[in-house]
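Subject: Handover of a structure and the findings from it

Dear colleague,

Please find below the structure that I am handing over to you. I would be grateful if you would look through it alongside the notes that come after it.

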Amino acid sequence: SFSCPMYNNFPELHLAASDYGDLRAQLHVPVVNVRGIIVQQSLSDRFTQAFLKQVDQNQPYRLPRSAEELDPCLGCAQQEPDVKLVKWCANPEDGDCRGCRCRPQWCLTCMAKWYASRQDPRQPETWMSSKAHCPTCRSIFCMLDVCRVQRS
């Protein structure tokens, strides 16, 4: 719950902590917290940040120049898809991960949320080393297989 005593006609705002990050992303002005107010990030939000950092370290996927224009992200329908699942194991039979033949269809934030939602909430310490299924073709992937798309 937030209110602004400096402006009498400013409405009081009730906002779940889990929605705070989404609000910040949608606003076109910075959100400044009043001194003394601490907004705790949810476990999912903290994981999403770690996921984004890991993907930035992964090898990028180069989208061929001949590739068709990409449709908006299947998760949020707002962002352009900017990740592709690519199995990077030297031997294709190593591990549980499988090659995904889907074209880029998801933005990085939606892929992070998808991945987090498929993990055991009672064991968050295993999330970084766990696996999930591609939301489209169901191929198994790990966080190391999520590659940012770069246009050639």
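Predicted model: local features only at pLDDT ≥ 70, side-chain atom pairs only at ≥ 80, totals over all residues.

Residues are numbered from 1 along each chain as its sequence is written, and side-chain values use heavy atoms, with hydrogens and water left out.

**The sheet**

Helices (H or I, at least four residues) and strands (E, at least two) are DSSP runs, numbered from the N terminus. Three strands form an open sheet in the order E1-E5-E2, with mixed pairing; two strands are taken to pair if DSSP finds at least two bridges between them. Strand E1 (61–63) and E2 are the edge strands, each pairing on one side only. From one strand to the next, the twist averages 45 degrees; axes are lines fitted to C-alpha atoms, for helices over the stretch in contact, and angles run from 0 to 180 degrees between N-to-C directions. E2 and strand E5 (residues 146–151) run antiparallel and are joined by three bridges. Lys 84 has Cys 147 in E5 as its bridge partner.

**The nonpolar core**

A nonpolar core is a set of buried Ala, Val, Leu, Ile, Met, Phe, Trp, Tyr and Cys residues joined through side-chain atoms within 4.5 Å. Buried means under 20% relative accessible area, exposed over 50%, and partly exposed in between (1.4 Å probe, protein chains only). The largest such core has 23 residues, and those with the most contacts inside it are Phe 47, Phe 51, Leu 85, Met 111, Tyr 115, Phe 141 and Val 146. Helix H2 (43–57), strand E2 (83–85) and helix H3 (108–117) each supply at least two residues of this core. H3 gives the most to it, with seven residues.

H3 is largely enclosed by the rest of the structure, because seven of its ten residues are buried. These buried residues are Leu 108, Cys 110, Met 111, Ala 112, Trp 114, Tyr 115 and Ala 116. They pack against H2, E2, strand E3 (131–133), strand E4 (140–142) and E5.

Contact here means heavy atoms within 4.5 Å. Leaving aside neighbours within four places in sequence, Val 146 is in contact with residues including Phe 51, Val 55, Val 83, Leu 85, Met 111 and Phe 141.

**A buried loop residue**

Gln 105 lies in the loop between E2 and H3. Its relative accessibility is 16%, so Gln 105 counts as buried. Not counting residues up to four places away in sequence, Gln 105 touches Pro 72, Cys 73, Leu 74, Pro 81, Val 83 and Thr 136.

**Salt bridges**

A salt bridge is a side-chain nitrogen of Lys or Arg within 4 Å of a carboxyl oxygen of Asp or Glu. The structure holds five of them.

- Arg 103 pairs with Asp 71, with the closest N and O atoms 3.1 Å apart. This pair links distant parts of the chain, since Arg 103 is in the loop between E2 and H3 and Asp 71 is in the loop between E1 and E2, 32 residues apart. Arg 103 is partly exposed at 41% relative accessibility, and Asp 71 is partly exposed at 46%.
- Glu 80 and Arg 151 meet through their side chains (2.9 Å, N to O). Glu 80 in the loop between E1 and E2 and Arg 151 in strand E5 are 71 residues apart. Both are partly exposed, Glu 80 at 42% and Arg 151 at 46%.
- Arg 122 and Asp 120 meet at 3.2 Å, N to O. Arg 122 is exposed at 71%, whereas Asp 120 is partly exposed at 25%.
- Asp 56, Asp 82 and Arg 148 are linked in a network of salt bridges.

**Cysteines**

A disulfide is a pair of cysteine sulfur atoms within 2.5 Å, and the structure holds zero disulfides. For Cys 137, the nearest cysteine sulfur is that of Cys 102, 3.7 Å away. Cys 137 is partly exposed at 35% relative accessibility. Cys 147 is buried at 0%; its sulfur is 9.7 Å from the closest cysteine sulfur, in Cys 142, which is too far for a bond.

With kind regards
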